[in-house]
Every structure is written in C-alpha cells, then in structure tokens.
Amino acid sequence: MQILIKKTNEVTVLAFEGRLDTQTSPDAQQQLTRLIEAGEKRFIVDFEKLDYISSAGLRVLLVAAKQLKGIDGELRICSLNEVVGEVFDISGFTTIFKIFGSEPEALDGF
Amino acid sequence: MLVAASLVAGLGLFFVGLYFLTEHLKMLSGRRLRARIAAWTKNPFMGVLWGGVFIAVTQSTAATMFILISMLRSGMMGVRQALPIIIGLNIIAGAIVLVLVIDIKVAVLFLLGIAGIVFTNDRARAFRTIAGTLLGISMLFLGLSTMKEAVAPLAQTEWFEELLRWTQGSYLLGFAIGAAMSFVVQSSLAIVVLTIAFQTAGLFSLAESIMVVYGANVGSSLLTFVLCSKMTGQSKQIAMYQTAYNIIGAIILVPAFYLEIYGNVPLIKTFAEGITKSGGGQIATVNLIFNALPGIALFVVLRPCANLLERLWPESLEEQASKPKYIHERATEDPDSALDLVELEQMRLLESLSTCLDTQRQGGNPSRLSANQDASKVLGGIIRETISELSTRRKLTEDTYERLDRLLSLQHSLEAADQAIASLSKEFQALRKAQHGARFVDSSIEGLDAIVLTLIDVSKERSAEDAVLLSAMTSEDGNGIKSVRSAYLSEESGLDDTERMRLLAAANLCERLIWLFGNMGRDYMALKA
C-alpha cells in the first residue's frame with residue numbers, strides 16, 4: 001500500500017492506494033500519528049485508489065479521529081468507492097466521519 | 001453385506017452417542033460436579049481406583065476412553081486427573097478375564113429406552129440434560145455392541161480358526177493376528193478369552209497364546225489411536241497415553257518373551273506356569289502382567305508423562321479458550337470480587353466474537369468456528385453458573401443485585417451474538433459462491449468486526465467517548481446495513497432469487513448483531529455507572 005501525502009491550504013491530504021488491512025495498518029497508523037504529533041490538525045483521507053479496507057484499517061481512522069478530537073482537529077474522508085463505501089455503511093462509520101464525494105468538496109469549508 | 005451394514009450402523013450409532021454424551025456432559029459440567037470429580041480423583045491412587053471401577057462397569061477400554069475424552073472436553077477433568085484413571089482401567093482390565101458372564105447389552109437397551117423416553121418427554125424437562133447424557137452413553141455402547149455383533153460370527157468361522165492355526169509356531173504372526181482381531185472386534189478381552197478357549201482345546205501352546213494376548217492388547221490401543229487420529233490438544237494427550245500404554249507393555253514384554261523362549265531365561269511364561277497349572281489361569285496371569293507392568297512404570301512418572309504429553313500435543317487454542325482464566329472454585333465467597341471475575345471472563349467471550357468473525361474472512365478457516373463456539377459455550381456455562389450461584393445463595397446488596405442483573409443481560413447478549421454468527425456463517429458460505437454475494441460477505445465481516453473492536457474498547461475503558469462512538473455506529477440512523485441490503489435486493493444487483501433470499505437472511509442477521517453490540521455497549525456503560 002502506498003500513501004501519497006500533500007498539503008493544500010493548511011490541510012494535509014493523504015491519498016491511500018492499495019489495501020488498508022492488518023498488514024498495512026500499522027504503517028498507516030504510524031504515519032498519521034507522526035503527522036499529528038508534528039502539529040498537523042486538519043486531514044483529508046482520499047480513498048479514491050483504495051481497493052479494500054478491513055476492520056484494522058477502520059481502526060486506524062478511529063484512533064486518528066480520537067487523537068485529533070483532543071487537539072480540536074478534524075479528519076474528513078473523500079472519494080469512497082463502492083466496496084469501501086459498503087464497509088463504511090455497515091460499520092456505521094458514515095455517522096462518525098464527514099464523507100465527501102471528492103477532494104475539492106472535502107477541502108471546501110475546512 | 002449384513003456385516004458391512006451392521007458395522008456402518010454401529011459406527012454411526014457410536015459417533016452420535018459420542019456427540020450426545022459430550023454435549024450433555026458440557027451442560028452437566030457445573031462447578032459443583034467438577035469439584036466433586038476433582039475430589040474423587042484428587043490423588044493418583046483414587047484415580048487408579050476409579051479407572052478400575054470404570055472398566056469393571058463398561059468392559060470396554062475404547063468406550064471408557066471416549067467417556068474420559070468427553071469429560072475432558074466438557075471441562076470436567078484435566079489431563080493430570082485422567083492419566084491415573086487410564087492406568088487403573090488397564091490394570092483392572094487385565095485382572096478381569098471376562099467370560100462375558102454379565103451381558104451388559106440388556107442393561108444398555110433398557111437405559112436407551114428409559115433415557116429416550118425421558119429425553120423426549122416435555123414433562124420431564126428438568127431431567128433432560130441427564131437423560132441426554134445417558135442417551136449418549138447408551139448409543140455409544142449400542143454402537144460398539146452392534147459393531148461387535150457384526151464381526152462376532154467371524155470368530156467362529158472356519159477360516160478364522162484356520163487363520164489362528166496358521167499362527168502355530170510363528171510367534172510374531174500370532175502377535176499380529178491378535179492385534180488385528182482385537183482391532184476389528186474392538187475388545188482385547190474377547191480375544192484373550194478366545195485364546196484361552198483355543199489353548200484349552202490344545203490348538204495353541206502357552207507360548208503361542210502369550211503372543212496372541214500381547215498382540216490383542218496392542219490392537220485395542222491401535223483402535224483408540226485410529227478413532228482419535230483427528231483429535232488435538234488434551235483429548236489427543238490422553239488418547240496417545242492409552243495408545244502408548246500397551247505399546248510400552250509390548251516393548252518390554254515381547255523382547256522378554258523371545259529372551260525366555262530362545263535364551264532359556266525364566267521370565268513371564270515360567271512365572272505364569274509356576275502360579276497355576278490351569279492353561280486359562282496361566283493366560284489370565286500373563287494378561288494381567290501385560291496390563292499391570294506399564295501401569296506400575298508409568299505411575300511413577302505421572303508428572304513427567306503429563307509434561308511430555310503437553311509438549312507433544314499442547315492444549316489447543318479452543319481448549320484454552322474454554323477454561324476459565326479468572327473464575328476459580330472459591331470465587332463466589334466474595335460476591336463483588338466474583339462479579340469482577342465474571343466481567344473479565346465475559347471480556348474473553350467478547351474477544352472470541354472477533355475471533356469467530358476472523359474465521360469467516362477470505363483465507364480464514366471456517367471450520368474453526370464451531371471449535372471456537374464450543375469453547376465459548378463451555379466458558380459461558382461456567383459464567384452462568386457463577387452468576388446463578390451468586391444470585392441464589394448469597395445475600396447481596398441492591399447495587400450488587402443490579403450489577404449481577406446487568407452481567408446476566410450481557411451474558412444473554414453474548415450468547416445470542418454467538419448464535420447469530422453461527423447462523424451467519426452458513427449464509428456466508430453459500431453467498432461466497434456468487435460474485436456480489438462474496439463482496440457483501442467481505443464488507444459485512446469488516447463492518448461487524450470494526451463494531452466489535454469498538455465494543456471491546458468500551459468494555460475495557462468504559463470511556464464516554466468510546467460509548468458515543470459505539471452508539472453512533474449501532475444506532476438506527478448509523479446502521480447502514482439497511483441501505484446496503486436494499487441496494488443488493490434491488491433488481492439491478494444481478495443476484496438471482498436464491499441469492500437474494502440468502503442475502504436478505506444474512507443482512508437480517510447482521511442487523512441483529514449490530515443491535516446486540518449496541519445493547520452490550522449500553523450494559524457496559526450502565527455497569528460503570
């Protein structure tokens with residue numbers, strides 16, 4: 001799995017590519033935590049090129065959201081494909097995170 | 001054809017009996033009964049005695065072994081209690097040369113009838129578990145008896161007699177035939193008795209008889225080995241101990257036999273001839289020595305044997321999961337501490353739900369689900385019993401009663417969730433065959449597991465933040481399973497009618513699980529309050 005990181009208007013955008021599962025989650029968690037500890041507060045996670053997310057991957061998002069809540073930060077999610085969207089629906093993550101159709105939409109209003 | 005049919009029928013009865021016995025022993029395996037069994041077998045000598053009582057009643061090493069394995073699986077005893085019982089049953093089996101004076105088949109048929117009537121009688125519901133256990137035992141015996149009767153005529157046939165005559169002069173062949181016949185007939189005692197008959201009729205010398213007897217004892221162990229070949233963990237430990245028991249006897253006594261015959265060293269044969277002039281008595285003596293000698297040797301090294309067995313066939317994950325880690329025999333003496341321990345055990349059941357979902361993943365092992373759930377059932381029984389004991393025996397404060405009530409509600413939810421996952425597993429296996437069905441299965445597993453993991457956070461930390469998250473994930477609004485279900489059931493989904501029905505059933509079960517998880521979260525937060 002690859003994570004492409006860029007910054008747009010004080011917002012850190014992480015574009016995931018591949019699978020976010022038990023194998024790749026620890027690395028993703030580390031990267032997010034490192035960024036949060038470095039002072040980044042606003043994140044967009046772009047799942048356009050993510051093929052699959054497991055419960056371990058969902059936990060990465062949950063942990064990051066909890067960390068950000070403590071520092072008044074926010075994490076938004078965009079570009080869910082059908083497969084990943086289904087997992088979000090069933091897990092109820094659609095009520096926990098703000099989900100947008102695209103990166104520009106997610107950036108808007110940040 | 002009748003022999004083959006009877007064999008198959010007997011085997012079927014045997015396994016049904018074993019299943020019934022194990023399931024009902026699990027239900028009976030209360031802390032009090034376990035404490036009693038632990039007391040009865042608290043020292044190895046008592047264990048040896050009880051082993052003797054078992055074989056005297058059952059007359060079958062194989063049947064007794066399977067009863068012991070069932071007791072082990074249901075948590076009634078541990079390996080270290082079972083080993084001396086195995087020694088006892090072998091020694092006494094050697095001491096009792098059965099002429100089948102007592103035909104227990106009549107007793108088994110009565111037991112089957114009475115147990116069956118009680119089991120199916122609505123008015124005798126209170127005795128159902130005991131009746132189920134007895135039904136299991138009687139079917140197990142009937143199965144063995146049916147198989148025995150199927151092959152019994154073989155022992156009287158000309159070709160069998162001819163086969164035995166063939167062994168004359170060839171001790172090793174006599175050993176092999178004794179082993180084979182004992183394996184087929186499933187009773188070393190029956191072969192020993194036959195050997196006495198042949199020896200008395202002058203067909204065998206004492207020396208030939210001795211090797212047939214040795215082979216017969218090894219054959220019954222081989223039967224246990226074959227029937228237990230798929231077992232793991234502690235069940236395998238005691239099955240292998242029984243297998244090794246007679247093999248050790250053979251390793252010691254077969255070379256000793258050859259030393260005596262060809263080296264003219266007076267050993268077992270000479271001893272038996274010195275004890276009695278009767279051929280039958282001599283063979284019975286040899287049979288007793290064969291069964292007692294390994295027992296004496298193994299009794300001295302019980303603990304190292306138990307350690308070796310544990311190393312070779314370690315307790316399986318499921319066996320570990322079925323044993324309480326926190327609740328102990330005296331837990332209920334302090335109700336509040338007991339409830340703390342109940343909570344800790346329930347958290348293990350909760351984590352087991354995630355393990356169960358894991359078995360359903362792509363690349364997972366769905367066949368492990370039932371083993372996981374069996375372990376949860378045993379542990380759940382112990383938890384329920386502890387809760388029940390606290391509620392009926394102790395004067396509790398209002399707060400403690402309330403807490404007890406919550407924990408009971410949690411237990412209901414945990415068991416209901418377990419059942420729902422079992423049902424879901426069947427639907428998942430069918431749905432995986434369809435492309436869209438497979439996607440739904442994968443999404444459901446990940447979604448449900450994410451909720452369970454959050455619930456586990458709630459159970460451990462009891463933080464308001466986690467509780468709010470869980471509540472959102474499991475709420476009517478947050479519960480996205482409805483929209484997913486609608487999408488799949490729509491005309492555009494490409495599923496056929498059967499797949500739609502299965503998907504509907506699976507989605508409904510997912511919804512039930514999500515509701516149960518939400519409920520459990522509320523119970524945990526109420527416990528904290």
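In what order do the 5 strands of the open sheet in chain A run? Keep in mind while you click around that this is a predicted model. Select the strands of chain A and you can read the order off as E1-E2-E3-E4-E5, with mixed pairing.

Now go to the edges: strand E1 (2-8) and strand E5 (98-100) of chain A each have a single partner strand, so one side of each has no neighbour in the sheet. From one strand to the next, the twist averages 25°.

Next, select residues 42-53 and 74-78 of chain A. These are strands E3 and E4, paired in the parallel sense over 5 bridges.

Over to chain B, where you'll find 23 helices and 0 strands. Of its 529 residues, 48% are buried.

Pick out H11 (206-227) and H14 (279-300) of chain B: they pack at about 40°, with axes 10 Å apart. An angle between 35 and 65 degrees is neither roughly parallel nor roughly perpendicular, and H11(B) and H14(B) are therefore oblique to each other. The crossing is right-handed.

To see the contact itself, show side chains including Leu206(B), Val213(B) and Tyr214(B) on H11(B), and Ile283(B), Val286(B) and Phe290(B) among those they meet on H14(B). The contact residues divide into 7 nonpolar, 6 polar and no charged.

Definitions and conventions. Residues are numbered from 1 along each chain as its sequence is written. Chains are lettered from A and ligands numbered from 1 in the order in which they are written. This is a predicted model: local features need pLDDT of at least 70, side-chain atom pairs count only at pLDDT 80 or more; totals for chains, interfaces and linings use all residues. Helices (H or I, at least four residues) and strands (E, at least two) are DSSP runs, numbered from the N terminus. A residue is buried if 20 or more other C-beta atoms lie within 10 Å of its own, exposed if 12 or fewer, and partly exposed in between; C-beta atoms are placed from the backbone. Two strands pair if DSSP finds at least two bridges between them. Axes are lines fitted to C-alpha atoms, for helices over the stretch in contact, and angles run from 0 to 180 degrees between N-to-C directions. Angles under 35 degrees count as roughly parallel, over 145 as roughly antiparallel, 65 to 115 as roughly perpendicular and the rest as oblique. A crossing is left-handed if the near helix is turned anticlockwise from the far one by less than a right angle, and right-handed if clockwise. Two residues are in contact if their C-beta atoms, placed from the backbone, lie within 7 Å. Ala, Val, Leu, Ile, Met, Phe, Trp, Tyr, Cys and Pro count as nonpolar, Asp, Glu, Lys and Arg as charged, and the others, Gly among them, as polar.
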